[in-house]
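Please view the sequence and the structure together, then follow the topics below.

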Amino acid sequence: MTTISSTSSTSSTSSSSTSSTTPSATDAAKSAAQSLFTSLQTGSGIDLSSLVPSLVQAQFAARVAALKAKGDTLTAQISATSTVMSSITDFASSLATRTRDGSLATQATSSNSAVLSVSTQAGAKLAGLSKSITVSALATAQTNVTKASYDRTASMGSGKLSIKVGSNAAVDITFADGSNPTIDQVAAQINAAKTGVTASVISDVDGKAYLSFTGPTGTANSFTISATEGAQAGLSNFAVGNGATVTNSVSTAGNAQMTVDGVSIQRASNSFSDLVPGVVMTLNAVSTAPVSLTGTRPTAALSQIVSDFVTTFNDKITELNKALDPKSGDLRSNLSARSLAQSLGRLTTSKIVPGDDSAPGPKTLADLGVGTNKDGTLTVDTTRLSQVMAQYPDAVEQMFQASGDNIIGLSAQMNTIQMNATSTFSGLGASAKQLAQDQSANTTAQADLADDQSATQDRMTAQFAAMNARVSNYKSVQAFLTQQVNMWTKSSN
């Protein structure tokens, strides 16, 4: 709200003082107004410095109060709308995070992580998982190191190195005549070629450098390096395979070997995810005894998520109910907020997972023992929840699983509610846009009203100035007549 007020002040200035600064328009206006009020009071004897502002304030009081009240209401509604949207968004996001991290699904478990470590991918179906795995060999990579050592500042020659990995086409790496690459630069160019072979420089105690080559793991990934010398000789010292004798073989490429439930299998890498869908397996050591790979149900985590969901839901619905209170709620007339409350109210009876309704197993939160109170808050029948989880563990787990298209599970239900609630076309998002426009219009109306008040005060001041001029004239005539009468009276005596 813009408040217009006027105050009178008295200032004295010495006639001998001077100033090189031009008075501002505001100071000039105040000075003129004060002079006018002083002259008005001289003529009429009325304290116009307080009378005119009071008259203006009285004239505009109702409109000022109405715009202020409307502005305060809009501010409260905007704040409440923003709070509700943030609250339901945080709720849906938190639930989505919990369902995506895999902690609510059956987890793969290794009986000996020193030999076999495992991790479970989101969405994996591992109910009933049970495998016996024996690791007889780890996957290895071919490694070769130069027999000779080199000064790290010396030129390694020019020409071409051709690197061939497994059945892949050879990749040529060229070193121009006169480029004089050092051993570090040779390694850098090999790595930049991204052939699968990694080159690294190893220095001994005397600072001399050796060049080491390591390829990918797996029998099929053995590699050869052939050299074609240029104008400066030297690259042939890095030849590997094909009868070359300038490098030492540290290790050869080999597959990981294991038996899974008595079946012998091999993998080119020590880490793979194609043996059990949804499980990333990493071989760490050869085993002396079989390692068990099983699925562990998240019974405690599922019980906890139901409890956490109900607690959070109750916080949100209580907050929403306060905003919708028919007497004091800031959103009591907001249809989008009421629609959100209705959607949340239907959540416990909404079907969370697809399937035949006649099939056994829970399909709604109510089936899990989650009930709704009169005020919209939820309660959990823990006995009922434990019984359902024990009888239908797979179905309960599916209710809290995340799906790739986010259309199945409790998180998908909350996501739909959140999107509808915050929609800028029909939800609270649209309400927020309209409220912001209304607030802007109200602010403009307040500014316009302030201008009207100022103009009215100027007009009334001018009117009183004209009146005062007439009053002053009347007083002057009265004084003259009084003087003449007094003179006539004195003469007659």
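The model shown here is predicted. The briefing begins with Thr456, which, leaving aside neighbours within four places in sequence, is in contact with Val56, Gln59 and Phe60. It then turns to salt bridges, of which the structure holds 9, to aromatic pairs, of which a search of the whole structure finds 4, and to the 1 cavity of 30 Å³ or more.

- Thr456 has its place in helix H9, which covers residues 428-492.
- With a relative accessibility of 5%, Thr456 counts as buried, because that value is under 20%.
- Ile352 is found in the loop between helix H5 (335-345) and strand E16 (370-372).
- Ile352 also counts as buried, at 3% relative accessibility.
- Leaving aside neighbours within four places in sequence, the contacts of Ile352 are Lys363, Thr364, Leu365, Met399, Ile408, Gly409, Leu410 and Gln413.
- From Ile352 to Gln398 the distance is 9.1 Å, C-alpha to C-alpha, while 46 residues separate the two in sequence.

**Salt bridges**

- Among the 9 salt bridges of the structure is one in which the side chains of Asp452 and Arg63 meet, at 3.8 Å from N to O.
- Asp452 belongs to helix H9 and Arg63 to helix H2 (residues 48-100), so this pair ties together parts that lie 389 residues apart in sequence.
- Both partners are partly exposed: Asp452 has a relative accessible area of 35%, and Arg63 has one of 46%.
- A salt bridge also joins Lys131 to Asp261, with 3.8 Å between the closest N and O atoms.
- Lys131 is in strand E3 (residues 130-137), and Asp261 is in the loop between strand E11 (256-260) and strand E12 (263-267), so parts that are 130 residues apart in sequence are tied together by the pair.
- Lys131 counts as partly exposed at 25% relative accessibility, and Asp261 is likewise partly exposed, with a relative accessible area of 44%.
- In the salt bridge between Asp274 and Arg267, the closest N and O atoms are 3.1 Å apart.
- Asp274 counts as exposed, because its relative accessibility of 52% is over 50%.
- A network of salt bridges links Arg297, Asp394 and Glu397.

**Aromatic pairs**

- The search of the whole structure finds 4 aromatic pairs, including a tilted one formed by Phe91 and Phe309, with 5.3 Å from centre to centre and 35° between the planes.
- This pair links distant parts of the chain, since Phe91 is in helix H2 and Phe309 is in helix H4, 218 residues apart.
- Phe91 counts as buried at 5% relative accessibility, and Phe309 is buried too, with a relative accessible area of 4%.
- Phe213 and Phe238 form an edge-to-face pair, with 6.5 Å from centre to centre and 70° between the planes.
- Distant parts of the chain are linked by this pair as well: Phe213 is in strand E8 (residues 209-217), and Phe238 is in the loop between strand E9 (223-229) and strand E10 (247-251), 25 residues apart.
- Phe213 is buried, with a relative accessible area of 0%, and Phe238 is buried with a relative accessible area of 0%.
- Ring pairs also link Phe91, Phe309 and Phe313 into a cluster.

**The cavity**

- Empty space left between atoms is shown by rolling a probe the size of a water molecule over them.
- The structure holds 1 cavity of 30 Å³ or more, and the volume of the largest cavity is about 60 Å³.
- The largest cavity is lined by Val84, Ser87, Ile88, Lys316, Glu319, Leu320, Leu340 and Leu344.
- Helices H2, H4 (299-323) and H5 each supply at least two residues of this lining.
- By type, the lining of the largest cavity divides into 5 nonpolar, 1 polar and 2 charged residues.

Terms used: Residues are numbered from 1 along each chain as its sequence is written. This is a predicted model: local features need pLDDT of at least 70, side-chain atom pairs count only at pLDDT 80 or more; totals for chains, interfaces and linings use all residues. Side-chain values use heavy atoms; hydrogens and water are left out. Helices (H or I, at least four residues) and strands (E, at least two) are DSSP runs, numbered from the N terminus. Buried means under 20% relative accessible area, exposed over 50%, partly exposed in between (1.4 Å probe, protein chains only). Contact means heavy atoms within 4.5 Å. A salt bridge is a side-chain nitrogen of Lys or Arg within 4 Å of a carboxyl oxygen of Asp or Glu. On a 1 Å grid over the protein atoms alone, a cavity is a set of points where a 1.4 Å probe fits but cannot get out, and a pocket is an open set with protein on both sides within 12 Å along at least five of seven lines; lining residues have an atom within 4 Å of a point. Grid points are joined across faces, edges and corners, and a volume is the space filled by probe spheres set on the points. Ala, Val, Leu, Ile, Met, Phe, Trp, Tyr, Cys and Pro count as nonpolar, Asp, Glu, Lys and Arg as charged, and the others, Gly among them, as polar. Rings of Phe, Tyr and Trp (its six-membered ring) pair if their centres lie within 6.5 Å; planes under 30 degrees apart count as stacked, over 60 as edge-to-face and the rest as tilted.
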